[in-house]
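User: Hi! I have a model open here and would like to go through it with you. Could you start with the ligand?

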Amino acid sequence: MAKNSTQYVCQGCGAIAPRWLGRCPSCGGWNTLVEETVGKKRSSTTSESRPGRPVSIGEVSEDAAARLPTGIAELDRVLGGGAVLGSVVLVGGDPGVGKSTLLLQALAGLSQRGARALYASGEESVAQVALRARRILGDAAHALGDRLQMVGASDVAEVEDAAKRARPSALVVDSVQVLRSSELESAAGTVSQLREVTARLVDLAKREQIALFLVGHVTKDGALAGPKVLEHLVDVVLAFEGERGNAFRALRASKNRYGSATEVGVFEMAQGGLAEVPNPSELFLAERPAHASGSVVAPVTPQEGGARAVLVEVQALVGSPGLGSGRRTATGIAATRLAMILAVLERKIGFTLTSTDVFANVAGGLSIDEPAIDLPLAIAVASAARDRPCARDLVAFGEIGLAGEVRGVARGSARLGEAASMGFKRAIVPASTAERISANERSGVELIPVRRVDEAIRIALED
Ligand code: TYD
Ligand code: MG
């Protein structure tokens, strides 16, 4: 390959330089030049999306995409009903969370259903991957024959070659950061390499109609490494999350061209790999202490806008007043949300919490970032501060405003349905939400509508 087949393009202004420069000569931006290949045309469009004759809506068939179910129901649901041939799924997550395990299980599931699958590993040796596959599959490994194949790869060309030989319907590349393209001089994992490698793999998937899964590492602040460049190139972006030292794992979609991006799948890391958790509420509430203060059950929707409601236990612990300002620690809840709730409890209801340590936690390791957690969190803190347990048969949800008012939230009936299925009889809910839920959407749960947070606390703590 001739050396001048690459050029450096400023990501700020688009200026082109023949070699790398620390500062763009055109716009003056620092470190904005990124290596790119020149002159190669690559069509990542499939035949039906090729520009040309316009068609009317009625002519287009409902679902042109062929799907392969992996047999892992929690994964299939997040994907929108299985892996789509010719689609590219990016799976991000912290090291050790279980990305390789999940995708190996997915390939095993696909090949058990007759599909050909290829696992390209750049991170671990083929021997390591095979060992893991045997551990997960046990005796079922032999029955797969040559339908599940593995290859070690460090160059994207090796993956392309292996795919040509194995002709898989599903391909995992673990991980996209360790692969490089020899057409570029940059090291593996740089933005230019990531973009080039991903573009070539996307091209392969579209051309050969392969369901492609890319493993992507996550940076410390939780973003997919490779400044968002990958997210635009792929069809589906999934995040695999879980706390260290906790077996529970959540798989969420943040982008899905082939389904809803509001689904969440729940798994548990066990000896034989990841096990599905069809009833997460049961798992999250299993260790709830009896008659303890500072514990409130909340029906939450783990994925923003998602249809699925899950019950979690919100816990709070309040220390004794000390000197200076108290520490605030939040796990599974945003620190700003906890700070706001504490300020409302102090200024609007008369709790004194400024010099006390306050710990808040969503038990089980799920992270909740929806306003509906406000009310149960406030009740949990009040319960801990007063050392009075909350009524056992009760759940609570609702947003809290800065004046101490309780505001309505969406998905009321889904939350009540989940509460009822776990045996809860009463729910403290925002008055405006209660008005919108008809009697037959309540699943037999008695609604206690509230307008203010102090009202909710009185009822929950039976003051
Ligand atoms: P892994 O899939 O390698 O994570 P990632 O690819 O995201 O880095 O799995 C991580 C951890 O899971 C590893 O520390 C061991 C554990 N594990 C189990 O507990 N049980 C199992 O059956 C497997 C395969 C892994
Ligand atoms: Mg891995």
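Analyst: Happy to! An oxygen atom of ligand 1 sits 2.6 Å from a polar backbone atom of glycine 273, where a polar contact is a pair of N or O atoms within 3.5 Å; within protein, one must be able to donate a hydrogen and the other to accept it, and residues adjacent in sequence count only if both atoms are side-chain atoms. The protein buries 73% of the 550 Å² that ligand 1 exposes when taken alone, with areas from the Shrake-Rupley method and a 1.4 Å probe; for residues, only the protein chains shown count as cover.

User: Before we go on, what kind of model is this, and how are things numbered?

Analyst: This is a predicted model, where local features need pLDDT of at least 70, side-chain atom pairs count only at pLDDT 80 or more, and totals for chains, interfaces and linings use all residues. Residues are numbered from 1 along each chain as its sequence is written, chains are lettered from A and ligands numbered from 1 in the order in which they are written, and side-chain values use heavy atoms, with hydrogens and water left out.

User: Thanks. Which arginine side chains have a polar atom by ligand 1?

Analyst: Arginine 132 has a polar side-chain atom 2.9 Å from an oxygen atom of ligand 1. Arginine 135 places a polar side-chain atom 3.3 Å from a nitrogen atom of the ligand.

User: How many residues surround ligand 1?

Analyst: There are 15, and the closest are Gly96, Ser100, Thr101, Gln271 and Gly273; a residue is near the ligand if one of its heavy atoms lies within 4 Å of it. The shell divides into four nonpolar, seven polar and four charged residues. Here Ala, Val, Leu, Ile, Met, Phe, Trp, Tyr, Cys and Pro count as nonpolar, Asp, Glu, Lys and Arg as charged, and the others, Gly among them, as polar.

User: And which element gives the most to that shell?

Analyst: Helix 2 does, with three residues. Helices (H or I, at least four residues) and strands (E, at least two) are DSSP runs, numbered from the N terminus.

User: How does strand 13 pair with strand 14?

Analyst: They are antiparallel, over four bridges. Glutamate 268 has alanine 275 in strand 14 as its bridge partner.

User: What about strand 16, is it mostly covered or open?

Analyst: Mostly covered: seven of the nine residues in strand 16 (310-318) are buried, meaning under 20% relative accessible area, with exposed over 50% and partly exposed in between (1.4 Å probe, protein chains only). Strand 15 (295-300) runs antiparallel to strand 16 and is joined to it by six bridges, with valine 300 opposite valine 310. Strand 18 (358-362) also pairs with strand 16 in the antiparallel sense, over five bridges, and alanine 316 stands opposite alanine 360 there.

Definitions and conventions: Pairing = 2+ DSSP bridges.
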